[in-house]
Amino acid sequence: MNKSKLGFLLLVVFSILGCTPEPYSAKVGFNNGSTTGKHSVYQMTLTTVSGGQANLSMGGVSSYPGASSSGGRMDTPAHIEGRWDEGWSDEDKTSSTPHHRISADIPKNAEAKMKLMDDYYQNLDRDYGSMQVIVDGPRVRLFYTKDCSSTLDDCTPKKNIDPNGWVVKGPKGIRDVVVLFDGIGESSKTPFSNADFAY
């Protein structure tokens, strides 16, 4: 068999097997917080492009970056789904306590933003980042950051690395983040039932 026939045969085999590259992934910790005070986060799930899920629901949060968990390796988030209330306890809640929920796709440029953040610094030698969900009333934001602190690390960016201006300062104005999602959920004066939450 000549080389051209062998090459064609291999091409056919690979196309039949459906070989596709692995999705971009990063090693991350998880944060769930708020910049506007007490919130109770009952559910906050990120579904990734490969179909995996990450749970960032951490109960009572009231600060940024808020509660944290160890996380793991995950690929690019593609969808966010969550349910949360304003306030923590019965004392914080009244008959008009706002209840919120969201089910939304994350913009497709999320992978490009994560890659940018992972390659952003000249001298930061850190192989992990942080995936952060921030709830402020009905507003939900998803940040990805390498947690570079200008007081502890060399956070000098590479030259001309961010022509789109995607890297911004986080809510405290200290660390660089990329915003993967910024949206407004539905609100109700009465709690959403589990049946209501099935979109």
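## Briefing: a buried threonine, salt bridges and a nonpolar core

T145 touches M117, G129, S130, Q132, R175, D176 and V177, leaving aside residues up to four places away in sequence; contact here means heavy atoms within 4.5 Å. This is a predicted model, where local features need pLDDT of at least 70 and side-chain atom pairs count only at pLDDT 80 or more, while totals for chains, interfaces and linings use all residues. Residues are numbered from 1 along each chain as its sequence is written, and side-chain values use heavy atoms, with hydrogens and water left out.

**Around T145**

- You'll find T145 in strand β9, which covers residues 139–145 (strands are DSSP runs of E with at least two residues, helices are runs of H or I with at least four, and both are numbered from the N terminus).
- T145 has a relative accessibility of 1%, so it counts as buried (buried is under 20% relative accessible area, exposed is over 50%, and partly exposed is in between, using a 1.4 Å probe and protein chains only).
- The T145 side chain also reaches the backbone nitrogen of D147, at 2.9 Å.

**Salt bridges**

- Side chains of opposite charge can pair when their charged atoms come close.
- The count here is nine salt bridges, each being a side-chain nitrogen of Lys or Arg within 4 Å of a carboxyl oxygen of Asp or Glu.
- One of them joins the side chains of K158 and D119, at 2.5 Å from N to O. K158 sits in the loop between β9 and β10 (167–169) and D119 in the loop between α2 (110–118) and β8 (129–136), so this pair ties together parts 39 residues apart in sequence.
- K158 is partly exposed at 31% relative accessible area, and D119 is partly exposed too, at 41%.
- Another salt bridge brings together the side chains of R126 and D153, at 3.3 Å from N to O.
- R126 counts as buried at 19% relative accessibility, whereas D153 is partly exposed at 22%.
- D176, one of the residues that T145 touches, has its own salt bridge to K169, at 2.9 Å from N to O. D176 is buried at 8% relative accessibility, while K169 is partly exposed at 49%.

**Strand β1 and its partners**

- Seven of the nine residues of β1 (residues 25–33) are buried, so the strand is largely enclosed by the rest of the structure.
- β1 pairs with β5 (residues 67–75) in the antiparallel sense over seven bridges; two strands pair if DSSP finds at least two bridges between them. Opposite K27 stands R73 in β5.
- With β8, β1 pairs in the parallel sense over six bridges. There, N32 has V133 of β8 as its bridge partner.

**The largest nonpolar core**

- The largest nonpolar core has 36 residues, of which L46, I80, M131, Y144 and L180 touch the most other members (such a core is a set of buried Ala, Val, Leu, Ile, Met, Phe, Trp, Tyr and Cys residues joined through side-chain atoms within 4.5 Å).
- Elements giving two or more residues to this core are β1, β2 (39–48), β6 (77–86), β7 (99–105), α2, β8, β9 and β11 (176–184). The most comes from α2, with four residues.
- L46 touches a set of residues that includes I80 and M131, and also P77, H79 and L142.

Methods. A polar contact is a pair of N or O atoms within 3.5 Å; within protein, one must be able to donate a hydrogen and the other to accept it, and residues adjacent in sequence count only if both atoms are side-chain atoms.
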